[in-house]
Amino acid sequence: MRSELRQALFSRWFLLAFLVMLAVFFGMSAPEWFVSWDWGTEYRQSALQQAIMPIFFGGTMLLFPFCACAAYAHSQSEEIRTHFLGWKLLRGSTFVYARNKLVANFVASGLSLAFAFLFHAFIWSLIALPSDPVQFSTHEIPFSQDCIYFPWLNVMHGLPILLWMALGIAFMGGVWGTAGLAVGIWIPDPLLTISLPTFLYFMWNSNATYLLLGFRLPHASDLYNDALTWPMVIHALWVNLILLFVLVCIYSIGLHRRGHHA
Amino acid sequence: MHKKQLHRRPFQGLTDMAAANLDAWLHSPRVWMMMICIAIYCLIQSAGDPQTLQVNGSPIPFTYPELLFIKLNSGFFLMSSLLFLIMVSELPRRISYQNLMLIRTTRLRWVMSLCLYCLWMVLFAILMLILLYSMFALPHAAHGAGYTEDALIKAGQFMENEALIPTYIRQSTTPFTACLLAIVPMFFFWMTMVFVILLLGLMGLPLLGPVVYGFLLLSHVTLLHEAMPQWLRLPVAFSTLRNITIDFPAEEFSRLLKTITGYIILDGALIAGLCFVGKKAELVFYSENKE
């Protein structure tokens, strides 16, 4: 497990996922900051607003599953193509291999995205004013009263909001990274390992289930996006846990099949 | 073959080589997976039409050419381009068969066959996109001629500025001609994309092309381009009929013509570059990524 985690966290793909996500965050927040250079300090956005704006308004959604799958999921298809999978299964058991792979992938996918978000927030905490809606009216973020972020707005300059969002991003990153792993065990093509979960994510967010089958699923970013209420959080958590379970089952069946025919 | 015979048939083997590449491409699981994704995408798009294309809470009874124009004008662009990008991410295809072709023919002919193969790929992808959308949209499209929105505007149910089909299209073209017009910018954008990926592939940078175009396609969503200077136009600004004409009222057709001219010049330069690079490049193909 330790070697798997080390391989996942200290790879160039982890770094790539981190950097791409960071670039997406700054691609939205940096131009917004530059445009307001002559507004005066008290009228510019706060560090909290700069940190969360790319999540609420940016294209983070499009690249989220791409980065989640790029962090480590492609390693599955590489191990199949190089026949290294067979050797690894020989050295241990299918269960141990699956456990190590799933855990390492979940951790790598989630951490690459969460670190990018937190690093982005950290940089803005150095540049912009800390969030203080009491003193500066422009720092006000119009959360509704039943939104989970509302009571945290004035607590430690909104730090609990950032931590919650980082946790949500890490969890969702892990879930969609597992989707990449589930694809990779069946179709050992690194590009499809990354692109198919991205397409599924896009279909999910386009209300495909509602249009085709008549029922709605929670938005894929419901654990860290705006307008969250506690019932929405619980509902989203349940749906994503079921999704994670299904993905783990798909992966396990695929691994079992590969192990038989290796 | 004797030199005289070579000169008499300068294009000999071009279509054969292009067909071989196209056949290998069509047998790739990656292409088939993306085709399935495009089919699902078209299904979602057509299923969403009654919800998104409404007036006063009721679905607008667009005819099939009108629906297709609305999609080609702007609706299809991002996701279909991303899916197509994945389909063409490996150019030229790194199969050992390329070595056999290079032995049997000249480098220039081989490069020209690749250009022909690129053209066929783009035409195939556009055709599949239209066919798949048609399959799902035709059953619920209304029947009739002319533009539905003209009738709605006359009846006072619709304002001119609310129309989904631009005024210059409704006043100057039939719905079918409008669809052909809307295909043109997408065709040229995709042709340029495959030529750039092919050029970088021949230069020994096979991943750079898809990465660059992936960035370009997503840049107008991931970057706050509204904050950028007006003169800095991303390539996506020339990718669909809507993007080309939206900022130029009353000169849409001249703007479209200039864009097409620009694309022809650019693609011509890319083909020249391909011929130059193809003659000089060190080409080694082996089957490492063939599925």
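**Entry 1: the interface.** Buried area here is the accessible area, taken with a 1.4 Å probe, that two parts lose on being put together, summed over both. The model is predicted, and I kept that in mind throughout. I looked up the area first. Chain B and chain A bury about 2,100 Å² between them. Of that area, 82% lies on carbon and sulfur atoms. I then asked how many residues each chain brings to the contact. Chain A gives 24 residues and chain B gives 25 residues.

**Entry 2: polar links across it.** I searched for charged pairs between the chains. The count between chain B and chain A is one salt bridge. I noted its partners: D189(A) and R30(B), with the closest N and O atoms 2.9 Å apart. For polar contact, the rule finds one residue pair across the interface of chain B and chain A, both residues at pLDDT 80 or more.

**Entry 3: the chain B side.** Which helices of chain B each supply at least two residues of the side that touches chain A? I found helix 3 (29-52), helix 5 (77-87) and helix 11 (208-222). Helix 3 of chain B has the largest share of that side, with eleven residues. I sorted the residues on the side of chain B that touches chain A by type. They divide into 17 nonpolar, five polar and three charged.

Entry 4: I checked C37(B) next. C37(B) is in no disulfide, and the nearest cysteine sulfur, in C42(B), is 11 Å away. Is C37(B) buried or exposed? C37(B) counts as buried, because its relative accessibility is 3%.

**Entry 5: salt bridges overall.** Side chains of opposite charge can pair when their charged atoms come close. I ran the count over all chains and got nine salt bridges. One of them joins E4(A) and K88(A), at 3.2 Å from N to O. I looked up where the two sit. E4(A) is in helix 1 (residues 2-9) of chain A, and K88(A) is in helix 6 (residues 84-91) of chain A. The pair links distant parts of the chain, 84 residues apart. E4(A) counts as buried because its relative accessibility is 6%.

**Entry 6: E79(A).** I placed E79(A) in helix 5 (residues 74-81) of chain A. E79(A) counts as buried because its relative accessibility is 6%, and the cut-off is under 20%. Which residue forms a salt bridge with E79(A), with the closest N and O atoms 3.0 Å apart? I found K88(A). The side chain of E79(A) also makes a polar contact with the side chain of K101(A), at 2.9 Å. Leaving out residues up to four places away in sequence, I listed what E79(A) touches: E4(A), F84(A), L85(A), K88(A), Y97(A) and K101(A). I then traced the network. Salt bridges link E4(A), E79(A), K88(A) and K101(A).

**Entry 7: a pair in chain B.** R93(B) forms a salt bridge with E90(B), and the closest N and O atoms are 3.7 Å apart. Both R93(B) and E90(B) are buried.

Technical notes:
Residues numbered from 1 in each chain as written. Chains lettered and ligands numbered in written order. Predicted model: local features only at pLDDT ≥ 70, side-chain atom pairs only at ≥ 80, totals over all residues. Heavy atoms only, no water. Contact = heavy atoms within 4.5 Å. Salt bridge = Lys/Arg side-chain N within 4 Å of Asp/Glu carboxyl O. Polar contact = N/O pair within 3.5 Å; in protein donor to acceptor, adjacent residues only side chain to side chain. Helix = DSSP H or I, 4+ residues; strand = E, 2+ residues; numbered from the N terminus. Nonpolar A, V, L, I, M, F, W, Y, C, P; charged D, E, K, R; others polar. Disulfide = S-S within 2.5 Å. Buried < 20%, exposed > 50% of the residue type's maximum accessible area, 1.4 Å probe, protein only.
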